[in-house]
Amino acid sequence: MRKNFNSEEIAPVRVKRGRAVLVGYGLDNDGHFRYTRGETFELYGGSSVAHEEMQRRAMAIQDEIASLGISLEGMTYEQFQVVRGIVERANAD
């Protein structure tokens with residue numbers, strides 16, 4: 001049986017080993033394998049257009065996290081949602 005969680009039940013997650021990364025998967029594959037790795041992200045697959053969009057958004061999130069002076073490893077779920085919101089608003093323009 002699957003349990004549904006609301007945002008109050010989600011505890012901040014801290015990485016104990018390894019490194020924390022954002023992972024992106026492009027599902028609209030056009031026959032070419034694409035892989036991009038950054039400081040805080042790893043992106044797999046997608047068409048040329050989709051992969052390029054994932055790169056742009058991942059770089060924007062990475063830059064926003066750095067500008068706030070926090071690290072992906074130490075951020076809470078709520079902090080990530082703030083960063084994601086900032087990036088989404090910037091991309092809407």
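**Burial and helix packing in the predicted chain**

T36 has a relative accessible area of 18% and is therefore buried; buried means under 20% relative accessible area, exposed over 50% and partly exposed in between, with a 1.4 Å probe and protein chains only. The model is predicted: local features need pLDDT of at least 70, side-chain atom pairs count only at pLDDT 80 or more, and totals for chains, interfaces and linings use all residues. Residues are numbered from 1 along each chain as its sequence is written, and side-chain values use heavy atoms, with hydrogens and water left out.

T36 sits in strand 2 (residues 35–37). Strands (E, at least two residues) and helices (H or I, at least four) are DSSP runs, numbered from the N terminus. Leaving aside neighbours within four places in sequence, T36 is in contact with F41, E42, L43, H51 and Q55. Contact means heavy atoms within 4.5 Å. The C-alpha atoms of T36 and G24 are separated by 9.5 Å. These two residues are twelve residues apart along the chain.

The protein chain contains two helices and three strands. Along the sequence, the pattern is β-β-β-α-α. Of the 93 residues in the protein chain, 30% are buried. The chain exposes about 6900 Å², an area computed by the Shrake-Rupley method with a 1.4 Å probe, where for residues only the protein chains shown count as cover. Among contacts with a separation of 6 or more, 29% join residues 24 or more positions apart.

The two helices were then examined as a pair. Helix 1 spans residues 48–67 and helix 2 spans residues 77–92. Their axes come within 10 Å and cross at roughly 125°. This angle makes helix 1 oblique to helix 2. Axes are lines fitted to C-alpha atoms, for helices over the stretch in contact, and angles run from 0 to 180 degrees between N-to-C directions. Angles under 35 degrees count as roughly parallel, over 145 as roughly antiparallel, 65 to 115 as roughly perpendicular, and the rest as oblique.

On the helix 1 side, the contact involves R56, R57, A60, I61, E64 and I65. On the helix 2 side, it involves F80, V83, I86, V87, E88 and N91. The residues of this contact divide into seven nonpolar, one polar and four charged. Ala, Val, Leu, Ile, Met, Phe, Trp, Tyr, Cys and Pro count as nonpolar, Asp, Glu, Lys and Arg as charged, and the others, Gly among them, as polar.

V83 belongs to helix 2. Its relative accessible area is 0%, so V83 is buried. Not counting residues up to four places away in sequence, V83 touches I61, E64, I65, L68 and M75. The C-alpha atoms of V83 and A60 are separated by 9.4 Å, with the two residues 23 residues apart along the chain.

L72 lies in the loop between helix 1 and helix 2. L72 counts as buried because its relative accessibility is 12%. With residues up to four places away in sequence not counted, L72 touches A20, V21, L22, T40 and I65. L72 and R19 are 53 residues apart along the chain, and their C-alpha atoms are separated by 8.6 Å.
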